[in-house]
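User: I should like to go through this model and understand the reasons behind the terms used for it.

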Amino acid sequence: MAVIALLALPVPPGDGGAGGGGTIADAVSALVVLWCVARAVHGARRPLTRTAAVVLGLPVIGIAVAAVGASTTSAGLTGLARYLQIFVLVPAAVLLLVRDRRDFRLVAWSLIGLALFQGTLGVYQYATGTGASYMGSDIRAVGTFGPTDVMGMATVVSYGVVAAVALALGPASPAQRRTALACALLLTVPLALSFSRGAWIATVVACGAQLGLAGVRNALRALAVLAACAVVLVGGFGIGSQMLQERVTSITQVSDAPDQSVTDRYTMWAAAVDMWRDEPVTGVGLKAFPDHRDSHASLALSSASDTGGAGAAFSRQPLLSPHNMYLLVLGEQGLLGLCTLVGSWAAFLLLGLRRLARVRQGAGADCALVACGLLLWQLVDFSYADIGGPSTVLMAVVLGLVAWWALSDRALAAPVPGEVPR
């Protein structure tokens with residue numbers, strides 16, 4: 001919870017962003033990992049089950065091989081530490097520290113609380129013209145993350161929406177379900193004002209899957225409420241309706257006059273695939289995409305993107321990644337890295353869905369919907385984004401919740417006091 005709370009602090013320019021600097025939340029996540037290691041050593045017992053160790057440890061293979069093949073030793077070590085932090089160590093720590101479903105729900109509500117804080121600030125930025133620069137105006141909602149991490153607030157708010165929808169569909173008391181639903185509806189406003197196309201798509205897919213998994217009746221009821229709110233917010237009050245429509249339309253404009261951000265994205269995707277063709281098994285090495293980008297990208301790629309607003313001066317931010325996690329891993333780690341990392345996520349999804357089928361409407365159904373929804377959101381969003389920025393450590397916490405539901409024996413324990421199946 002401390003890691004989540006610290007992400008509400010303003011991020012100084014350059015920290016945790018493209019420059020690769022760490023944040024206070026990153027430092028606290030390292031302390032959490034060290035605490036878990038100390039507990040395991042003091043207890044003189046194996047902290048993880050064999051299945052958990054295999055699933056969580058699988059990505060280490062590809063990451064370690066790619067680190068050895070990095071262009072420089074420092075790049076290899078930095079990349080190795082970052083990947084292990086996000087995909088192995090912090091998720092394992094969360095898996096060990098969450099004691100029961102009450103702890104799980106507490107972390108989920110913490111995600112919603114952070115999302116409400118960042119979303120409220122984002123709406124204020126849009127209303128007062130103090131956000132990040134977008135189409136010539138400082139109106140893009142970015143929260144405390146600044147213009148160099150425009151996906152930060154969108155990611156946090158999306159996590160909050162997915163978690164709130166899951167808790168609203170779960171077997172909690174009517175008051176808690178109404179509170180969660182209200183939070184989900186409120187968070188759709190800053191999510192829209194983030195103008196993040198990838199976050200929109202991932203949230204729609206994840207919430208749609210949650211509604212389907214919760215039952216047809218719940219799905220129809222929730223869709224009716226969401227549709228009514230969308231009509232009121234966009235149609236009635238006109239919240240960013242013109243810009244939102246233009247942003248949605250740009251998703252499909254790939255060959256017919258696409259904007260420069262779309263052109264850059266697809267150009268970098270092609271460059272990542274070209275890097276993979278050069279080194280199909282092990283890739284070009286961790287953190288090596290920027291070094292090989294220009295030799296593999298076409299002339300359509302711009303050198304950098306324009307950033308500004310939200311308290312920062314205008315600057316040109318270098319394009320250092322393809323903004324697609326799968327292609328980033330494919331280019332830098334090759335098929336070995338992609339298969340081990342995606343294999344770990346696939347195991348999370350399959351094990352989580354199997355446990356969801358076991359509980360359905362019983363105790364723990366809300367935890368199952370939170371975990372499966374967050375994982376689905378992340379897997380879809382990885383098609384439009386990759387790791388980087390201060391919010392990345394929150395991704396590690398989310399993957400820890402997913403790992404807990406999929407792998408921990410405590411997830412299916414007997415109902416705790418006050419927990420009543422619906």
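User: Which residues does Met325 touch, leaving aside those up to four places away in sequence?

Analyst: In this predicted model, Met325 touches Tyr83, Phe87, Leu341, Trp345, Phe382, Ala385, Asp386 and Ile387. Met325 is also named, with Tyr83, Phe87, Phe348 and Leu407, among the residues that touch the most other members of the largest nonpolar core, a set of 116 residues.

User: Why is Val284 called buried?

Analyst: The relative accessible area of Val284 is 11%. Buried means under 20%, so Val284 qualifies as buried.

User: Where is Val284 found, and which residues does Val284 touch?

Analyst: Val284 is found in the loop between α11 (260-278) and α12 (289-296). Beyond four places in sequence, Val284 touches Gly69, Met275, Glu279, His292, Gly331 and Glu332. Gly331 lies 47 residues from Val284 along the chain, yet their C-alpha atoms are separated by 6.4 Å.

User: How do you know that the span of helix α4 agrees with its number of residues?

Analyst: Helix α4 (residues 73-97) has 25 residues and, at 1.5 Å a residue, should span 36 Å. Its end C-alpha atoms are 33 Å apart, which agrees. Helix α4 also bends by about 55° at Gln85.

User: What does the secondary structure of the protein chain come to, and what percentage of its residues count as buried?

Analyst: The secondary structure comes to 15 helices and 4 strands. Of the 422 residues, 52% count as buried. Among contacts between residues at least 6 apart in sequence, 77% join residues at least 24 apart.

Note on methods:
Residues are numbered from 1 along each chain as its sequence is written. This is a predicted model: local features need pLDDT of at least 70, side-chain atom pairs count only at pLDDT 80 or more; totals for chains, interfaces and linings use all residues. Side-chain values use heavy atoms; hydrogens and water are left out. Helices (H or I, at least four residues) and strands (E, at least two) are DSSP runs, numbered from the N terminus. The expected span of a helix is 1.5 Å times one less than its number of residues. The bend at a residue is the angle between axes fitted to the seven residues ending there and the seven starting there. A nonpolar core is a set of buried Ala, Val, Leu, Ile, Met, Phe, Trp, Tyr and Cys residues joined through side-chain atoms within 4.5 Å. Buried means under 20% relative accessible area, exposed over 50%, partly exposed in between (1.4 Å probe, protein chains only). Contact means heavy atoms within 4.5 Å.
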